Amino acid sequence: MNNFVFPRPRQSELGEQLRAEVREFLDGWHGDRHAAAAFGGFDPEFSKALGARGWIGMGFPKRYGGGGYGLLERYVVLEELLAARAPIFAHSVADRQSGPLLLKFGNERQRDDILPRIAAGECYFCIGMSEPDSGSDLASVRTRATKVDGGWLVNGAKIWTSSAHRSHYMILLCRTAPVAEARHAGLSQFLVDMKTRGITCRPIVNIAGDHDFNEVHLQDVFLPADALIGVEGEGWQQVTSELALERSGPERFMSHQGAVEEFAVALKQQRSAEGARTLGRLVAHLSILRRMSRSIATMIADGQEPALHAALVKDLGTCFEQDIPETLRLVLQTEPEAGASEAYSAALANVILHAPSCTIRGGTKEVLRGIVAKSLGLR
Ligand SMILES: Cc1cc2nc3c(=O)[nH]c(=O)nc-3n(C[C@H](O)[C@H](O)[C@H](O)COP(=O)(O)OP(=O)(O)OC[C@H]3O[C@@H](n4cnc5c(N)ncnc54)[C@H](O)[C@@H]3O)c2cc1C
């Protein structure tokens, strides 16, 4: 059970100074606050304003346009943005995982060219992992890159690719060698300019009626040799190092916080003991999740790769988020209505529509529990 120790999170003094600055900035910002799904808002102007403040790519070294901050300072800024329901969706993938991936495995040209643009809030990324027959079992991806004169030729299709239609680049995972005995071998990652000939995005409209994700078809897409990220055939190891970042952050339990806040406001009008108990329980869960997530940020900052801990936080956090609409719905008699003028009604409708996806994106709960079971020696 030692595997499950979550060390005490470290507080960063610099982070606490930043917290005050971010709050002041957000107090003066009068843009559109998303009704409930905190990172749902896509607002290029807001991303640029954050970039100008130095709050994107905070961990990049200064020579790449970053702030040279640690992960703990970035954590503080992110949780303040989420709490304020700020529209961070445009730059969030680049900031959270594509930029750090390029910093760790990219070549100098990729870093020089792209990291400063990410830090400025002007360059967005999408993740090309899932395929029509390959989601949880990523080793089965069939999109293939074949070596040709001067580079690679890519053919295949990706699915559920969030923001592919408005991203500048994709981090593409594909096969560069036939399936071997070790199924995870022979995968590689590429930096793909979304304007490259042969790439077609087809929209998939989600249950809320929004166009966030896509099918992406790649037909005879030529990539120059230096589009390869890291080492040919080591895509699997590189992807897994990305996943701890993807799974452990506050966006895995704070994306429905808007609905909880609106619930608290609505409770003032319709006071009830049951409502107060429910709110207390939700806040207690949130504070425990926050403690666990900050503990992981501390471990990553100390150079560890806490993939197991991240799987636990993602599972607990997204199940918590998924339960929120049902928990709230049973306490207050409010009709959920998307776009309603009453904030709680709109927020409730929004979380009802978004809750099903929480436990799928970024790894399903069954897959995460498989990781946990493995570490307990149960499989
Ligand atoms: C909102 C949203 C955004 C997304 N954005 C992206 C994106 O930007 N880029 C991207 O690449 N993908 C993205 N995805 C895709 C997501 O990562 C996959 O949907 C997810 O990994 C599951 O894969 P699948 O849909 O192929 O389902 P499958 O893998 O076919 O799973 C179907 C069911 O079987 C279960 N299952 C599968 N394997 C096991 C196992 N070994 N043990 C137990 N149960 C198992 C699963 O838990 C699930 O319930 C997004 C998904 C959503 C909902």
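**Entry 1: M170**

I started with M170, which is buried at a relative accessible area of 0%. For my own reference, buried means under 20% relative accessible area, exposed over 50%, and partly exposed in between, with a 1.4 Å probe and protein chains only. M170 lies in strand 4. Strands here are DSSP runs of E of at least two residues, helices are runs of H or I of at least four residues, and both are numbered from the N terminus. I also looked up the C-alpha separation of M170 and R202, and I got 15 Å for a pair 32 residues apart along the chain.

A note on the ground rules: this is a predicted model, so I ask for pLDDT of at least 70 for local features and count side-chain atom pairs only at pLDDT 80 or more, while totals for chains, interfaces and linings use all residues. Residues are numbered from 1 along each chain as its sequence is written, and side-chain values use heavy atoms, with hydrogens and water left out.

**Entry 2: strands around M170**

Which residue is the bridge partner of M170 in strand 5? I found V192 there. Strand 4 (residues 169-175) and strand 5 pair in the antiparallel sense over seven bridges. Two strands count as paired if DSSP finds at least two bridges between them. Strand 5 covers residues 187-193, and six of its seven residues are buried. I also followed strand 5 to strand 8 (residues 228-229), where two bridges join the antiparallel strands. In that pairing F190 stands opposite L228. A reminder to myself: side chains in a regular strand alternate between the two faces of the sheet.

Next I looked at strand 2 (residues 144-148) and strand 3 (residues 151-159), which pair in the antiparallel sense over five bridges. V148 has G151 in strand 3 as its bridge partner. The hairpin of these strands has two residues between them, and G150 takes a positive phi near 80° in this hairpin. Strand 3 also pairs with strand 7 (residues 211-224), again antiparallel, over eight bridges. There I noted V154 opposite V221 of strand 7.

I then checked residues other than glycine with positive phi. S163 has phi near 60°, and I found this residue in the loop between strand 3 and strand 4. Is S163 buried or exposed? S163 counts as buried, at 5% relative accessibility.

R85 is another case, with a positive phi of about 55° although it is not a glycine. R85 sits in the loop between helix 3 (71-83) and helix 4 (89-105). R85 is buried too, with a relative accessible area of 12%.

**Entry 3: two helix residues**

R111 is found in helix 5 (residues 108-119) and is buried, at a relative accessible area of 16%. What does the side chain of R111 make a polar contact with? I found the side chain of E108, at 3.2 Å. I take a polar contact as a pair of N or O atoms within 3.5 Å; within protein, one must be able to donate a hydrogen and the other to accept it, and residues adjacent in sequence count only if both atoms are side-chain atoms.

V372 is found in helix 11 (residues 365-375). At 14% relative accessibility, V372 counts as buried.

**Entry 4: the ligand**

Then I looked at individual atoms. An oxygen atom of the ligand is 2.6 Å from an N or O atom in the side chain of E366. A nitrogen atom of the ligand is 2.7 Å from a polar backbone atom of I127. An oxygen atom of the ligand is 3.3 Å from a polar backbone atom of G135. The protein covers 60% of the 970 Å² of accessible area that the ligand has on its own, with areas from the Shrake-Rupley method and a 1.4 Å probe.
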